[in-house]
Every structure is written in C-alpha cells, then in structure tokens.
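Q: I have a structure open and I'd like to learn how to read its features one by one. Can you walk me through it?

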Protein chains: 2
Amino acid sequence: MINKPLAPGSTIGIFGGGQLGRMLAMAAARLGLHAHIYSPQHNAPAFEVSKKQTVAPYTDLNAVKEFASQVDVATVEFENIPLDTYEHAAKYTTIAPGQTALAISQDRLAEKKFLSSHGIPVAPYFEINRETDIVSAIYKLGQDGILKTRRMGYDGKGQIRLGANIDPDVAIKAYNGEPAVFEQLVNFNLEISCLVARDFKGEIVFYDCPRNVHRNQILAESHVPANIPDDLEKLARAFAAKIAEKLNYVGVLAVEFFAIGGVTDTPLIVNEIAPRVHNSGHWTMDACVCDQFENHIRAVAGWQLGTTRRHSNTMMVNMVGSDMDRWDEVASSEGAILHVYGKDETRDGRKMGHINYLYDID
Amino acid sequence: MINKPLAPGSTIGIFGGGQLGRMLAMAAARLGLHAHIYSPQHNAPAFEVSKKQTVAPYTDLNAVKEFASQVDVATVEFENIPLDTYEHAAKYTTIAPGQTALAISQDRLAEKKFLSSHGIPVAPYFEINRETDIVSAIYKLGQDGILKTRRMGYDGKGQIRLGANIDPDVAIKAYNGEPAVFEQLVNFNLEISCLVARDFKGEIVFYDCPRNVHRNQILAESHVPANIPDDLEKLARAFAAKIAEKLNYVGVLAVEFFAIGGVTDTPLIVNEIAPRVHNSGHWTMDACVCDQFENHIRAVAGWQLGTTRRHSNTMMVNMVGSDMDRWDEVASSEGAILHVYGKDETRDGRKMGHINYLYDID
C-alpha cells in the first residue's frame, strides 16, 4: 500500500515490455516518473521509452529480487506473469494490483467461480478435466459451445469452437488433456467493456463503455459512445466496480461484457476480466482528459486519479499483422491518430499499432 | 530533402536533450520512429524516452559525424546549436529545418534584417557594436528601449531594459562590448504567437494562435482561443507562412508577435521567431488532434502533416522553478493535465513542467 503519492523522480517497475508496457512507460514519463521495464525479450517495445530495463526470464528470481528492490512500486502490463514471480517481487516492493487479481484472471475457471460467487453473471460453463467431461458438458449445456483452456488464453488462443453441426469427437480429439472450461455459446447482441481505475484509498473512476467489435477473435474496433441504453451502461459500471472492490484492486481493470437478449435474467454477462490496461481502452489516449495508461500509473503510484471526461467521440481501429503495411495511408488520413508499437517484426495476428479517430461530440 | 516518408523503424536524430527533445522523442515513438538524442549533458531529460543517446560536446565533430551517419534525418530542439555542428551533420544526413533558419534566429540583428527585407514589421531597432552606438540609438529611438545581445538570448537572458527614468550610463556600463541590438520599447496590447508546420513539399498547416502571458520575461501562460479579431489571426498566419516560405522551412516554426495599437501602420509586429517547437505550442499536446511535436516529426520525416484541429479550449500554465513543488496539488486538480520534464534539479527560472487545462468549446 502506498500512503502518499510517489514524487516525480520515483520509479515504477513494470513486468512486461510489450505495447501496453510501452504506453504505460510513456504515461509515467509524462508525470516525471521513471519506468523500469522487466521483460524476458530483448528489444521489447517498451525498452526505448523507459529509463531502465531488465532482460531476464520471469523465473529468474534473483533478477526479480534485484528489479523489485530498485523500484518504488511494481505493476504488470499483462496478467500472465507467473504468480511466483509477482509474489517474489512483493517481498521487496509494493505491488499493484495485488496477486489475487492475477491469480483469478490467469485461470478461467477460478475467474468464473469468483464472478458467480459475487452474483455477477457469466455464460453457463462446465469444468473439463478429462475427455469424458466434454461429453457431460455437451449433455448438460448443449453442443453449441466453446472449449477454452483454463490458462494462457488471449486473443482466441487455446479455444475450440463447437457448434450444432460439428461432431463432439472433433473437440475430444483436439482436447489435449489440459484443464479447460466448456462454455455455452451465448447469443449476444453486442460486446461492450468497462474500464475502471481504482486507487489505494478505494476511489473509483469510470471511462465511458466502448462498444467493441472482434474479428478472428481479436479486438478490431472500439466505438465510443457505444450508444447503449443508460441502464446497460450503469449495470456494466456497477459490475466492474463490484469486481474491483471485491479484489481490493489498484490500477486500471477492464471487464468485457456480452449484452444478451433474454438468455438469462440480466442483459449483461461477463466474458472476461483483465487486471490491466486494455486494448478496448486505447481510445482514451486521444479522447479523454486523462487516459487509461496515466490513470493506471496514477493509481499504482498513489496519486489521485485523473479526470476520465471524454472530450470527443471516437473510434479505435486496431492494426493487426499486415494492416501495418498501410501506415502511410493511415498517417495521411484526416483526423486519424496513429500509434505504432515499434515491434521489429510483423506477424499474422500480432497487434502492431492502432488508430484513434476523433469526432466532435454531437 | 526527404522524398518519401521514412518508414516506422527509421531514426530521427535530435540535437538537444531538454524538454523539447523529450517531447519530440515521445512523439516519434508514437509513430514507430526511433529517436537518437545528441546532448552534451549527462542525464538529459530526453534520454529516458529515446532509443539511442550520444553524449558529447557540440564541438566534437567526430561525434557529430558518427551521430549523423546513424540517423535518417537530423533536427534540433533549440536554435542555439552551433552552426558548424549542424552544417557538419548535413554532410552525412538530411537536416530539417535547414541551417539558414538557425543562422538567422541565432542572431537578433540578422533576424530583424531578414524580416524587414520581406516586409514583415519589427520594432524599430539600432545596431550596437560599441558604447557610443548606445547614445546614437537613444538619440534616434528614444530612451525607452531594450538592449539585447545579438546571440544566445532566450527567456530574457542577455537583456537590459532601459526606461524614461534610467540613466543611459547604466546601459553603457552594463554593456559588455558584445554585438547587440537596441530595440525601441513597443507598447503592445497583447502577445500572441503563431505556430506553423511546413513539410518538404511546401505544404503548411497552422495551429490556432495562442495569446501568451509572460512573467519575469518567461512564458507563463498560453490561452486558446486567444479571442482576437479574425483579421489579426489571419495576419499572424500570413506573416508566419511568409517567414516559413522565405526560409524554405521544414518542421514546426513559432513566430511571436506583439499586437500593438497605432505605433506602426500594422497592428502586429514580430517579436522573435523560433525555428523549432515552442513553449507557446505545448497546449496542442492535449487540445489538438495532432500536436506540434508530432507535426514536427511528421514534417522532418517526410510524412504528410497531421490535422491541427483543436477539440477543446485550453490554457497552458508553465511550472517554473519551485512551481514544481506544487505537483501533487496540480495533479489532483480536476481536468489539469500535468507534464513533468524529468529534470533532476529544480532551479529558479528553470522550466520544470507545464499544465494543460481543457475546457469544452463554447
């Protein structure tokens, strides 16, 4: 716990050196706070905009100790940092968010149980530990579902989509024996997310909920305003706030929702939570007084949270893989704000950058 | 001259590692361009957000050569880089802006002659090369004036204010024999500046003119909109565009104006020009689609210039010297966007950061 705000000149340690770490590091620099990035990857995108870098595997606990001893607070850019690493760091510095948030979001089953236990609706699910569980799951929830590994899944990785016309044997054959969850397919009308920032004192601020569009299971676009009914926005905020509170969360937390029609008695179910800044909040960089990256830094550094007021309507478009070949065209379009992540290699499905378009509020 | 835009992954060399270099480096990073900072100063504020750093005196022409050979284009964060250094760099890389802009703005007399020769009004002035010139200047222009050294003056440095009640002997005694200019004191109603960006093809974009307030000869505040008559804004833009064109300028150029009442036949005179991003353009970081730093990088990298559209009204307040002690109070005020420059030592009169306040456009 940080009781008084870390003064400019203090150091924020960040586990992970991808684009999220990079944008966090720049937000820290704007506040006069130094970023120290820990990444196993040489040439991590965050390195060039940070004061200090540690290149070491997450499992190198000596390196973790040295890193943690040098920073005033440590945080994460993504939830799949090994828990041992994060807990080891906690011996030498303050960590924010706490390890519980990571533990829960690292395991789909734990996450669903946590949410359900607090009355927050999720898609009907069935725990899978062996092949026969798949048959039981289909018997109970129907064939229309998605088999998801419990760990290390993001951007659609580790997921097998079943469906009315697909033989359950396909899933059984593809199933590799790892602990998994069978999730009933939910017919949703739209996807939204809610980004909240919470500080050490328990203060919470909300960003307007974006409406998100996925393509190939990767976020493609966020639209703000989402043009959803006020009730839905309020409900999303209430759920997100409850999650943050129950986790005693510090930092920015993203909650992805499906807005459904009639399947359950609530119009919203949680798809997943991300205990970190989130792709569906990238529009805040250019449309809000204080963006998600700065608010995450403010929260973990013990600062008062910044104003989330949105001054413009906006659409965020991800640049995935070869989309980045169009950088020149994008950079030349009127009103497009281009963000390039500085990755040295373009790969299919890899997030290379994003574009924020700004429009006047009607 | 850069004929096609430098692709992400290219390197922008920047002479100077202060706050302007720092904000330029972050703008470059956002576009996927690497910044290589050249500064004689260890721990220059720009270092922590740049890919590469050269620490060497500007007079070390070997270091300059090595630096220039490694970058795709070189630019400056301030105009007082020695001309030899910049010209030497030009042998090994493209430089933008060109050396003429630097040469002229390094010498108050050359600047005034350049402006006058293109019909752009300046305060009446008199060239001072020896003590007796001061007497002649006072005889010709009156006692109410300012004696300014021709070189290395900024933020009021190298200036002696005369006045109706001050003995000319004071100026003569203070005069150190350096080439100087005696400038007639102009009664101005307000100060504005005009920031333009110009690319290699000669395209020009304008930012809205801010109205500026100085305290102790250091910029204290910029207000946008300036609430000046349209004619005045148009005239400022026309003068700024003419200066940029006559210099065949590439990058962001700032022109400071006094709006006067009746002294000459034009309501605007140029106070000075700055061939670089400028403190009176810091509000663009948070109030415009594309800010002055990104547009400077875009211009020198051969990219199409970005949209200068302003989405919010704004006020920029500089944090000078011990103002920075108030960082916590500022960071906690609703809607204040704090920018801290990461300087390791607070000194009187030193620019430590700035605050942008955003307001809805009426």
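Predicted model: local features only at pLDDT ≥ 70, side-chain atom pairs only at ≥ 80, totals over all residues.

Q: Is Gln217(A) buried, exposed or partly exposed?
A: The call rests on counting neighbours: a residue is buried if 20 or more other C-beta atoms lie within 10 Å of its own, exposed if 12 or fewer, and partly exposed in between, with C-beta atoms placed from the backbone. Gln217(A) has 15 other C-beta atoms within 10 Å, so it is partly exposed.

Q: What about Asn227(B), where does that one sit?
A: Asn227(B) is in the loop between strand 12 (218-224) and helix 8 (230-246) of chain B. Asn227(B) is not a glycine either, and its phi is positive at about 55 degrees. With 8 other C-beta atoms within 10 Å, Asn227(B) counts as exposed.

Q: Which residues does a cis peptide bond join at Pro97(A)?
A: Ala96(A) and Pro97(A) are joined by a cis peptide bond, with omega about 0 degrees. Pro97(A) is in the loop between helix 3 (83-89) and helix 4 (99-105) of chain A. A cis bond also joins Val224(A) and Pro225(A), with omega about 5 degrees. For Pro225(A), look in the loop between strand 12 (218-224) and helix 8 (230-246) of chain A.

Q: How do I judge the overall shape of chain A, and what is its radius of gyration?
A: The radius of gyration is taken over C-alpha atoms, and the globule rule is 2.2 Å times the number of residues to the power 0.38. For 362 residues, a compact globule would come out near 21 Å, and chain A, at 20 Å, agrees with that. The C-alpha trace of chain A spans about 60 × 55 × 40 Å along its principal axes. Buried residues make up 51% of the 362 residues in chain A.

Q: How do I read contacts along the chain?
A: Two residues are in contact if their C-beta atoms, placed from the backbone, lie within 7 Å. Of the contacts in chain A with a separation of 6 or more, 63% are between residues 24 or more positions apart. Take Met1(A), in the segment before strand 1 (11-15) of chain A: leaving out residues up to four places away in sequence, Met1(A) touches Thr94(A) and Phe200(A). Met1(A) is exposed, with 10 other C-beta atoms within 10 Å.

Q: How do helix 1 and helix 10 of chain A cross?
A: Axes are lines fitted to C-alpha atoms, for helices over the stretch in contact, and angles run from 0 to 180 degrees between N-to-C directions. The axes of helix 1 (residues 19-30) and helix 10 (residues 292-300) of chain A come within 8 Å, crossing at roughly 65 degrees. That makes the two helices of chain A roughly perpendicular; angles under 35 degrees count as roughly parallel, over 145 as roughly antiparallel, 65 to 115 as roughly perpendicular and the rest as oblique. Residues making the contact include Met23(A) and Leu24(A) of helix 1 of chain A, and Phe293(A) and Ile297(A) of helix 10 of chain A.

Q: How many residues of chain B are in contact with chain A?
A: 33 residues of chain B are in contact with 33 residues of chain A. On the chain B side, helix 1 (19-30), helix 11 (327-331), strand 16 (336-340) and strand 17 (351-359) each give two or more residues. Strand 16 of chain B gives the most, with four residues.

Note on methods: Residues numbered from 1 in each chain as written. Chains lettered and ligands numbered in written order.
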